[in-house]
Amino acid sequence: MPDEDQPMSSSKPAKPTRSPRPAKSAKPAQSAQSAQSAQSAQSVERVAAPRLPTALVYDPTFLDHHVPDGFPEVPARVAGAIAMIDALIAEGSLPAEHVPRLDARPATKDELGMVHPLAHVERVRHACEAVLEYGGYEASPRRFASDVYVSPGSYEAALRAAGAPLVALDAIGEGRARNGYALVRPPGHHAGAEIAMGFCLFNNVAVAARYAQRRWGWRRVLIVDYDVHHGNGTQDIFYEDGDVLYFSTHQFPFYPGTGASAERGRGAGLGATVNVPLPADSGWSVYDPIFRQVLWPVADRFKPDVVLLSAGFDAHWSDPLAEMRLSTADYSDLTLEVAEIADRYCEGRLVAVQEGGYNLDAIAQCAATVLFALTGSDRVVDNLGEAPPINFRWNEDAILKALYELHDLAGYRRKPRRPILPEQYVRPTEG
Ligand SMILES: [Zn+2]
């Protein structure tokens, strides 16, 4: 664990690429003081309304989903993240009133049933009960599906992982929160309607999308997935649905093998799946233009009523499972872009749902950083710094050009790229 007393600031504070951050004039102020000053300055044109907080939904039940030794998707992932967030709150860097903690609740069978047939839900429940009967509550986890193990507590954890984003959506719908962060496990985006795989039992973000539509009437749902893996389950569930737009950046080719750019949806859903497969070693120089110049035009055309973020931190350069080059600071900026899309189209309605991330330090720091971003702050919690240099750079313009043509994005607004000093990303390897 990094030093929780001093988790602030990049370990490379002199990094010049962070400084020419474009002004975000539409961003409301973050601190309580500035929220109050915004409140008192009603006469000033375009003053933002007092900003509602970010609902943080977590539940200790998530730790009861046990896995075998050596398995990467461990309870410490979210335990470390919530501990870091709690430390930031305790030291006052993250005002508690900006991030009210809400308990998760189990998703009901009716809610899960919007995505998963009851037979799948029952299969998970039976498997967990079988482990319990076989060996008691401390029984060793047993294999359930490809890269999925269950323990006696897994069913309740999975129900609450699916229910947590719904708690956040309710807080938003009832005017108690501007946006939310469901810090959950097990993750969800590989789970299909009838299949568990890739550490996932139920598709948490998919259930949230259906709930947003049914409970709150937010019909057009934009799901942004920056986990390093393609969310094959989410794509499958909404592949023929034009009201749910699935946008994914992911390492490719890579697990689970899906996510080619030619996979664009089918029938009424044609065009509502936007895959951005990226080569290994993609970093900020690729992700920044993709978000500003592909995600933005896609969102402009789609005009979401709510935005969901499959927040996987395994595209961090330090992740042991993948090979991308994002830093924690980069995750901050990408999240701020997504939040700005939500600001523009749907009054800030955005729920981030935890997916992957397997370096325990990186997931804790990214979780805290993303939570800051959701509160409107660009503060970065990071002692890992930028990716080690490499001696080449992908041609992001070729990637962009292919996506423009494939998705017919000409004519839609593109945000200018943030200035990048190429030498910051392309340095000859030493020796
Ligand atoms: Zn992942």
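Mentor: Leaving aside its neighbours within four places in sequence, A208 is in contact with P165, L166, L169, L308, V351 and V353. Please keep in mind that this is a predicted model.

Trainee: What makes two residues count as being in contact?

Mentor: Their C-beta atoms, placed from the backbone, must lie within 7 Å. A208 meets this condition with L308, for example.

Trainee: Which residues touch the most other members of the largest nonpolar core?

Mentor: They are A168, L183, A208, I223, L308 and A367, in a core of 129 residues. The element that gives the most to this core is α5, with 13 residues. In soluble globular proteins, nonpolar side chains tend to be buried together.

Trainee: D170 is found in helix α5 as well. Why is D170 called partly exposed?

Mentor: D170 has 19 C-beta neighbours inside 10 Å. A buried residue needs 20 or more, and an exposed one has 12 or fewer. The value 19 lies in between, and therefore D170 counts as partly exposed.

Trainee: What share of the protein chain counts as buried?

Mentor: Of its 431 residues, 53% are buried. The secondary structure of the chain comes to 12 helices and 10 strands.

Trainee: Why is helix α8 called roughly parallel to helix α9?

Mentor: The axes of α8 (residues 284–302) and α9 (residues 328–346) come within 11 Å and cross at roughly 10°. Angles under 35 degrees count as roughly parallel, so α8 is roughly parallel to α9.

Trainee: Which residues make that contact?

Mentor: From α8 come W284, Y287, F291, R292, W296 and A299, and from α9 come D330, L334, E337, I341 and Y345. By class, the contact of α8 with α9 has eight nonpolar, no polar and three charged residues.

Trainee: Where do helices α4 and α5 meet?

Mentor: V124, R125 and C128 in α4 meet S154, Y155 and A158 in α5. The residues of this contact divide into four nonpolar, one polar and one charged. The axes of α4 (residues 118–135) and α5 (residues 154–173) come within 8 Å and cross at roughly 145°.

Trainee: How many of the contacts between residues at least 6 apart in sequence join residues at least 24 apart?

Mentor: In the protein chain, 77% of them do.

Methods. Residues are numbered from 1 along each chain as its sequence is written. This is a predicted model: local features need pLDDT of at least 70, side-chain atom pairs count only at pLDDT 80 or more; totals for chains, interfaces and linings use all residues. Axes are lines fitted to C-alpha atoms, for helices over the stretch in contact, and angles run from 0 to 180 degrees between N-to-C directions. Helices (H or I, at least four residues) and strands (E, at least two) are DSSP runs, numbered from the N terminus. Ala, Val, Leu, Ile, Met, Phe, Trp, Tyr, Cys and Pro count as nonpolar, Asp, Glu, Lys and Arg as charged, and the others, Gly among them, as polar. Angles under 35 degrees count as roughly parallel, over 145 as roughly antiparallel, 65 to 115 as roughly perpendicular and the rest as oblique. A nonpolar core is a set of buried Ala, Val, Leu, Ile, Met, Phe, Trp, Tyr and Cys residues joined through C-beta atoms within 7 Å.
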